Amino acid sequence: MNGGGGGSARGGGVGSAYDVRRLVRELRGELRGTVGDDARSRALYAADGSNYRVVPDLVVVPADQADLAAAVAMVAAAGAPVTLRGGGTSMAGNAIGGVVIDASRHVNRILSLDAERRTAVVEPGVVLTDLLAAARPHGLAFGADPSSASRATLGGMIANNACGAHSVAWGTTADNLLSLDTVLADGTHLTFGAGGLPAGTTLGDADADADAVSAVRAELAARPGREGELHRQLQALVDSNELLIRRRFGQFTRQISGYALHRLLPENGYDVARLLCGSEGGFAATLQATVALTPVPAAKVLCVLGFGDSISSADCVPVVLRHGPLTMESINSDLVERLPGEVRDAAVQAGLPDGRAWLLVEMGGPDETSAARAAERMLEELRDSGSRATATLVTDPRAQGVLWRCRTDAAGLATRRADGAEAWGGWEDAAVPPERLGAYLRGLDELLGRHGLSGASYGHFGEGCMHMRIDFDLLSRSGLATYRAFVEQATDLVVSLGGSVSGEHGDGRARSELLERMYGADGVRLLGELKQIWDPTGVMNPGVIVDPPPVDAAIRHDGPAKDRKLLTVFAYGNDDHDFAQAQRRCVGIGKCRQSSGGVMCPSYQVTREELHSTRGRAHMLWEMLEGDLVTDGWRSTEVRDALDLCLSCKGCQSDCPVNVDMATYKAEFTHHHYARRPWARPLSHWSMGWLPLWSRFASRAPRLVNRLASMPLAKRLGGIAPERAIPAFAEQTFTAWFEGRDVRREGAKGKVVLWPDTLTDHLAPEIGRAAVEVLEAAGYEVVIPPKPVCCGLTWISTGQLGTAKNVIERSLKVLAPYLAAGTPIVGLEPSCTAALRQDAPELLEGNNLAAAAAASIHTFAEFLHQSGWQPPQVGGEALVQPHCHQHAVLGFDADRAVMRAAGIDAIVPDAGCCGLAGNFGFEPDHYELSQAVGERVLLPAVRAADPSTQVLADGFSCRTQITHGTDRRPLHLTQLLAAALKPAE
């Protein structure tokens, strides 16, 4: 390879030599999209959702469909490997290395949707949930719906023939594909659809008319140029190998491995479009696709079956299948026990029955009654078969959603065992005919025991497909040897049962080497001949399916990063005190790339840039540890820039199935990045990072400070956006008011410490006063610490961790008498409460006071709910914005309960982060993004709220963002309850 740029890490490269720099110049001269050959671009795309790391030579992000076609042709003409990529969620390493062409960013339009014909025309970058949202008003859906739907692109689903929960009823992606517009490596544009059958003949009808298929084959073979040549070669290959194809390919619905050669058989209509589906980008690039849409049953009920173990659940699959379920998905206790506590409790309340393994069986019908009857008939036969399954029939859609979360989060949850040990993919996708699933699980259990391994299983039991994450040791030579031995022996087990090493997700690097064990040498030879017909120069995603590298090559965990033991300030107790292990949490499944809903990841939901996703940032931190692309360690500007738009909202900590905590990683990195370089820090780190100290000075002359703060020069010197109004300091602090009170209530229920955080004390003392009223009305004596205290959050979020530790330690000493006495502490600002509960113990590991404070601190609502106090009846509606840190660390259930007890009808829009996020939205470079985050959902929802609807936000940032962006003045829950006390008194 010439000209710099270079090649793939640790032997991962496939393809001929070519001049990278020359190709970059040519691409930049012809394309309107971006071409990245810098370290940051290459680092971002070096890994996906698999165990592999292969550094690309460059990354192309086409501007549109024409750009995509041109990029494919130009890269192929240069002799470079062409790697098409969608959401990058591949669990098998299907799309890494070479020249990565990312179609997800701009080639993502739904070009048309015909509800009458039940079809849609989409570009490859369309995310499945966007297509589902467009189809839903028409009562339609796309039949294949993998759990990664919120980030899976249609192009990627076509490449890997994605399946999903409903494939048992509605088929795989291939079964719902009508036509493909493609570009070949030589630049030829070809359309494949319905085998070219006559008008009025649809896919699936071909076996009814052999003469029609024969005529179509002849017509296609007679076409001029590359198209005719292609069809003549395909037909010759099939005609000379019909017996082999019939015996080896298309034996059951989940035989995804290899190429779908059976689609070319005459009885299957010579369906070239469906042959391309599942070819993993090895034949051609998809420019657009026409897909079929499926009518959704008017009603669906969920029957949850509980079993003693997964094998028992597998044995009942044939019985359930006879009743035509829409889905039949499996989870087990290993996964359920790793769910967040509130989610696990909600699942039990929603109807999760007793058991150690469960099947989620969905039945449909024209109405709820008929759907429920179908479920009851299934249960009756199941009981007659002798099954001892427990069962719950769930009809409420919200309860169904809670139970489905147990399944959709499984891919992430399974990456850690209950004891915290790491678990990996690599053997997580095999399938056997459903009637042999029980035998497969028995054999797999024996094989795991033989190698001293364990794993959590889940998956599509209705089609004999089971996913697993196994506690392989991928960090050592001996561990990798065990991994290779296991997957080879597991392959032999699956093949002996007539199964497929891939039942979903394709072969990629994880399974391509195993195909000879599955198909035999003659079958693999046939795959190679087919690849040669489509891609004579071998540039389309080389090394996948045909001529693969070893399954244990280019394992991304087997590099320098695993041996780097960095000295950190945070303890990372849940990651064996190892920063590298913390970075291994991100396995690339990409839930942070969802385009709507949830708190994670607010910056990505605005920019849609991989760099601004939680996964993108995690990849950059990992590359910092690897050290071959990102070479400056903690001083890295690439990592600094990747973290720049992280709002430190902590949404990923709860919304990410593997609990990636990017806010903590950002604080850690920022601390080291500016260590011994205070002059290099942004001005905002000194102004807002030290806000608790400046607030104490401001309290001595608040009017003067407020006047000075409103001046443009003050904002400029403080690193504050000119568009932002600086909140005014109060004339009297909360602590001054409290100390000057004439009347104190004793409190029959005992004492409670009210934490006087900086924001409440100096900027919103009215909230503190309201809290005192409510707590005293609830029967408590309110006290405050005798000296100033602070949680240290502003120093944490700006990466000044040494100062943060000192501040927290001083505060804990002030709290010590209360902690010793077991006096509960109530926090009013959610971010401060979360910092004391989580950040302080991590910064001060082993400090008994920090642990005691974490156990003693409560949110205002938590304390009231636990006290059993009946709040006054407020009534009415309230639009409520939960603080991100509360969502991630503290939970919101207590707030709902208190509001319900007060007669408040709480409306909680799925707004995610407000966008201000402490100092983030005040900084000039972040102001625009901050506003865009707020404008996604929250600010429009507030503006649309009826004037009679109260607007509640306990977080100071949230209230400030709402105040700056609307004409409403939101309240804290304390204020609403305190106001309702007065009439009662």
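# Patches, helices and salt bridges

Trainee: Which residues make the nonpolar surface patch of about 270 Å²?

Mentor: Patches take residues with over 30% relative accessible area and no salt bridge; nonpolar side chains (Val, Leu, Ile, Met, Phe, Trp, Tyr) are joined within 5 Å, like charges within 9 Å. The areas come from the Shrake-Rupley method with a 1.4 Å probe, and for residues only the protein chains shown count as cover. A salt bridge here is a side-chain nitrogen of Lys or Arg within 4 Å of a carboxyl oxygen of Asp or Glu. The patch of about 270 Å² is made by Leu704, Leu708 and Met711.

Trainee: Noted that this is a predicted model, where local features need pLDDT of at least 70, side-chain atom pairs count only at pLDDT 80 or more, and totals for chains, interfaces and linings use all residues. Residues are numbered from 1 along each chain as its sequence is written, and side-chain values use heavy atoms, with hydrogens and water left out. Is Leu704 buried, partly exposed or exposed?

Mentor: Leu704 sits in helix α30 (residues 702–709); helices are DSSP runs of H or I with at least four residues, strands are runs of E with at least two, and both are numbered from the N terminus. Buried means under 20% relative accessible area, exposed over 50%, and partly exposed in between (1.4 Å probe, protein chains only). At 43%, Leu704 is therefore partly exposed.

Trainee: How many residues of α24 are buried?

Mentor: Helix α24 covers residues 614–626 and reaches 18 Å from its first C-alpha to its last, close to the expected 18 Å; that expectation is 1.5 Å times one less than the number of residues. Just after α24, Gly627 takes a positive phi of about 85°. The helix is mostly covered, with a buried count of 13 of 13.

Trainee: Which residues are linked with Arg53 in a network of salt bridges?

Mentor: Side chains of opposite charge can pair when their charged atoms come close. By the rule used here, the count comes to 48 salt bridges. In the network, Arg53 is linked with Glu623, Glu626 and Asp628.

Trainee: How many residues apart are Arg837 and Glu862?

Mentor: Their side chains meet in a salt bridge at 2.8 Å, N to O. The pair links distant parts of the chain, Arg837 being in helix α37 (residues 830–843) and Glu862 in helix α39 (residues 860–867). Arg837 counts as partly exposed because its relative accessibility is 23%, whereas Glu862 is buried at 11%. Their separation in the chain is 25 residues.

Trainee: What is the N to O distance in the salt bridge of Asp114 and Arg117?

Mentor: Asp114 is partly exposed at 30% relative accessibility, while Arg117 is exposed at 66%. Their side chains meet at 4.0 Å.

Trainee: How far apart in space are Gly365 and Pro297, C-alpha to C-alpha?

Mentor: Gly365 belongs to strand β14 (residues 357–365) and is buried, with a relative accessible area of 12%. In sequence, Gly365 and Pro297 are 68 residues apart. In space, C-alpha to C-alpha, they are apart by 5.6 Å.
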